[in-house]
Amino acid sequence: MTDIKKLISQMTLEEKASLCSGKDAWRTKPIERLGVPSVMVSDGPHGLRKQAREGAGQNESIEAVCFPCACASAASFDRTLTERLGAALGAEARAEGVAVVLGPAVNHKRSPLCGRNFEYYSEDPFLTGEMAAGFIRGVQKNDVGTALKHFAANNQEFRRLTVSSEVDDAALREIYLANFEGAVKGGKPWTVMGSYNRINGQYAGEAPWLLTGILRGSWGFDGMVMSDWGAVNDRVAGLRAGLELQMPSCGGRTDAQIVEAVQSGKLDAAVLDRAAERVLKMVYKYTDSHKTAFFDKEADHRTAAELAGECAVLLKNTGVLPLDKGKKVVFIGEYANAPRIQGGGSSHINTKNIPGALQAAGEIPGVTFAQGWRLSDKGPDPDLIAEAAEAARGADAAVIFAGLPDACECEGYDRAGLDLPENQNALISAVAEAQPNTAVVLHNGSPVAMPWLDGVGAVLEMYLAGEGSGEAAAALLFGDVNPSGKLPETFPMRLQDTPAYLDFGGDGHTVRYGEGVFTGYRWYDARELPVLFPFGHGLSYTTFEYRGLTLSSEAPAEGEKLTVTLKVKNVGTRWGREAVQLYVRDRATSFRRPEKELKGFAKAALAPGEEKELRFELGDRAFAHWEAGEKRWKISAGEYDVMAAASSRDIRLTASLRHGGSAPLCFAVDENTTLGELLDDPRTHGAVSLLLKVFLPRGKRSDVSDAAITPEMVRAAALSAPLRMVRDMIPAKAYDAAVAQLNRMLAKPAQK
Ligand code: GLC
């Protein structure tokens with residue numbers, strides 16, 4: 001391995017500063033004098049968007065393979081799937097001389113309106129972190145790096161380069177950072193890409209608490225942080241915060257600022273050395289490797305189609321699917337021939353190998369086609385609809401291929417609503433009326449409204465599943481592949497029901513995250529709202545039974561791993577896969593917590609009649625919440641439920657436990673410490689109980705008609721009383737002695 005420290009010791013100030021910004025749109029700067037090479041980075045999360053020509057247009061890149069987008073791969077609930085996807089993509093990158101793939105993109109799906117949700121994984125941070133970690137491991141096994149992005153709280157496209165995400169501490173830790181945390185710890189990405197936006201008023205790319213305190217200090221990240229393209233606001237502040245590489249090239253402008261800052265003493269030279277070392281570590285991780293790779297387009301296309309089949313989610317099926325081969329089936333709609341396979345923007349892959357489901361089903365007798373709708377329609381086309389309805393009426397079954405056109409969702413702008421285009425809705429209703437055996441296949445990057453749902457027999461959600469989605473759809477429709485995906489996000493009944501409805505987008509300067517930790521299914525559960533399809537939902541052509549949920553302990557202590565096992569059995573007639581979910585319900589915390597949170601998942605492949613045991617390890621974080629007042633992850637002592645589920649609203653088995661909880665912090669009281677806090681702390685409970693007995697009136701609850709102050713009211717007021725109120729009620733000496741005694745008690749860890 002190249003001796004990086006030695007190299008840095010030989011560098012001039014200007015040479016070190018030159019490493020901190022790109023050479024052009026996609027490359028780092030070389031240092032010829034010392035033989036430091038330049039390396040290339042390229043998008044993106046679901047395919048290699050290598051722009052070989054300097055100044056290439058937005059969609060101009062080499063021909064590559066488009067794999068399932070994250071919205072689809074998350075639905076597989078299978079870590080090995082994203083690892084397989086990453087491994088194939090990483091090999092392409094290595095073969096094409098790309099050192100870092102700019103992905104995965106893991107931002108939280110806060111609202112279905114975010115235009116870039118197709119590129120993100122889930123409304124649950126645990127699922128996102130696990131799936132992203134698989135992708136990172138896959139890519140990096142090729143000695144090619146990844147860029148975990150966009151760090152952090154970049155959850156809308158509107159004003160994304162300047163808007164400030166106003167997020168409370170608990171929501172930040174438990175939701176908006178937790179997805180990155182899981183990916184960093186599980187995948188160890190070579191790099192992280194900072195986001196454009198501000199967080200609580202400060203640019204993410206200039207936030208030391210984020211890029212150094214949390215990312216490196218708390219999570220142990222040991223790689224390099226790069227900016228998003230054009231995201232840098234104050235270069236010196238960014239360098240100091242822990243952002244090493246500005247992209248794209250700035251023509252040397254900010255390199256000069258760095259030199260000036262060091263020379264004037266505004267910037268510690270050690271910070272620049274640290275940055276140069278981190279950049280060079282990424283460069284040499286790639287160039288010092290002798291790994292070779294071959295870009296096999298055909299093999300990767302087959303992989304893309306196979307993965308697409310494992311991502312699709314069967315949302316509804318009254319028995320219409322799987323279709324019988326040989327029966328008369330009419331495929332309808334633009335996407336039957338040319339499915340939408342990806343979203344627009346920087347992740348867009350240049351590929352021509354996109355066989356539609358109609359082409360893929362070409363060998364199957366009885367399959368015909370009717371146009372039904374076109375991308376170019378300005379609205380419903382009555383002739384096309386009538387023709388399609390007539391064809392459906394004369395067939396045994398009809399399959400409509402629908403979804404969101406690029407114009408509805410894309411990087412750079414957000415969606416206006418949940419609706420599919422009107423020409424599609426009108427077509428689906430007309431065909432469903434003519435043919436009871438109607439199925440709808442959807443190609444969309446985020447949830448859509450389904451006004452026609454009651455009238456159709458089946459809905460297969462393909463999401464944006466890459467260039468193999470046509471072959472996968474045909475295989476799924478005819479039962480050659482059994483659907484096994486589950487929803488990584490809730491499909492709401494109405495936009496008005498969504499967690500971010502009241503403040504998504506914000507006023508252009510700030511956007512308030514008013515729902516706090518109650519995002520996604522956490523929101524719909526807490527509000528007891530009905531949903532179109534719940535998080536974790538997905539059907540199969542077979543059925544599965546769960547039994548025998550066991551816990552390794554019913555009274556775990558902090559630091560103790562809990563092993564959870566259960567058995568899942570295929571009780572149907574077809575081979576299939578089942579993504580079993582494990583949720584934890586916190587019944588111990590005194591303030592409102594989400595009704596359940598995903599803390600484990602595993603996918604089992606089972607032949608008819610086969611049963612397997614699944615095993616999960618739950619650590620402290622499965623029971624902890626972020627205690628903002630104490631600035632730590634904390635487990636409340638008390639009751640928790642562990643639930644095995646087929647979806648967030650299909651709980652199959654439940655077991656309960658009593659957790660010992662986190663040891664209370666040692667701390668010293670201050671004048672605003674309340675008697676209630678001291679009563680809750682086992683170390684001071686006795687002393688405060690005594691104090692309350694002395695001060696509070698005894699006796700039964702007075703007659704409810706009595707207007708006098710009741711004992712309960714006095715007690716409640718006392719528990720909210722800060723010590724400074726007690727100070728004015730007793731002699732100073734007694735107060736000082738009491739405080740000293742309390743602090744002696746609180747200076748020791750609580751006895752278990
Ligand atoms: C874009 C995207 C980012 C991408 C980068 C380079 O603005 O936000 O995801 O990797 O620029 O194309």
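**Notes on the predicted model**

1. Let me start with Phe151. Setting aside neighbours within four places in sequence, Phe151 is in contact with Leu177, Phe180, Val192, Met193, Gly194, Ser195, Ala204, Leu210, Leu211, Leu215 and Trp219. Please keep in mind throughout that this is a predicted model.

2. The largest nonpolar core has 177 residues, and Phe151 is listed with Phe331, Phe401, Met450 and Leu477 as having the most contacts inside it. Helix H11 (residues 269-287) supplies the largest share of this core, 7 residues.

3. Helix H7 (residues 178-187) is worth a look next. With 7 of its 10 residues buried, H7 is largely enclosed by the rest of the structure. The buried ones are Ala178, Asn179, Phe180, Glu181, Ala183, Val184 and Gly187, and Phe180 is one of the contacts of Phe151. The cover over the buried residues of H7 includes helices H5 (125-140), H6 (169-176) and H8 (208-218), together with strands S3 (145-151) and S24 (632-634). After H7 comes Lys188, which has a positive phi, near 55°.

4. Where does Glu597 sit, and what does its side chain meet? Glu597 lies in strand S21 (residues 597-606). Its relative accessible area is 9%, and because buried means under 20%, Glu597 counts as buried. The Glu597 side chain makes a polar contact with the side chain of Arg522, at 3.0 Å. Beyond four places in sequence, Glu597 is in contact with Glu174, Tyr521, Arg522, Leu582, Tyr583 and Val584. Tyr583 is 14 residues away along the chain, yet the two C-alpha atoms are separated by 5.1 Å.

5. Thr28 is another polar residue to check by eye. Thr28 is found in the loop between helix H2 (13-18) and strand S1 (40-42), and at 2% relative accessibility Thr28 is buried. Leaving out residues up to four places away in sequence, Thr28 touches Lys23, Pro37, Ser38, Val39, Leu245, Met282 and Val283.

6. Strand S13 (residues 438-443) has 6 of its 6 residues buried. In a regular strand, side chains alternate between the two faces of the sheet. In S13 both faces are covered: Thr438, Val440 and Leu442 are buried on one side, and Ala439, Val441 and His443 on the other. Strand S12 (residues 397-403) pairs with S13 in the parallel sense over 6 bridges, and Gly403 stands opposite His443.

7. There is also an open sheet of 4 strands with mixed pairing, in the order S7-S6-S4-S16. Its edge strands, S7 (202-203) and S16 (510-512), each pair on one side only. Strand S4 (residues 164-166) and S16 run in the parallel sense over 3 bridges, with Glu166 opposite Arg512 in S16.

8. Finally, helix H23 (residues 732-746) passes a simple geometry check. At 1.5 Å a residue, its 15 residues should span 21 Å, and its end C-alpha atoms are 21 Å apart, which agrees. Which residues of H23 are buried? They are Tyr735, Val739, Leu742, Met745 and Leu746. These cover an arc of only 120° around the axis, so they are on the same side of H23. An α-helix has 3.6 residues a turn, so residues three or four places apart point the same way.

How values were computed:
Residues numbered from 1 in each chain as written. Predicted model: local features only at pLDDT ≥ 70, side-chain atom pairs only at ≥ 80, totals over all residues. Heavy atoms only, no water. Core = buried A, V, L, I, M, F, W, Y, C linked by side-chain atoms within 4.5 Å. Buried < 20%, exposed > 50% of the residue type's maximum accessible area, 1.4 Å probe, protein only. Helix = DSSP H or I, 4+ residues; strand = E, 2+ residues; numbered from the N terminus. Contact = heavy atoms within 4.5 Å. Polar contact = N/O pair within 3.5 Å; in protein donor to acceptor, adjacent residues only side chain to side chain. Expected span 1.5 Å × (residues − 1). Arc of directions from axis to C-beta. Pairing = 2+ DSSP bridges.
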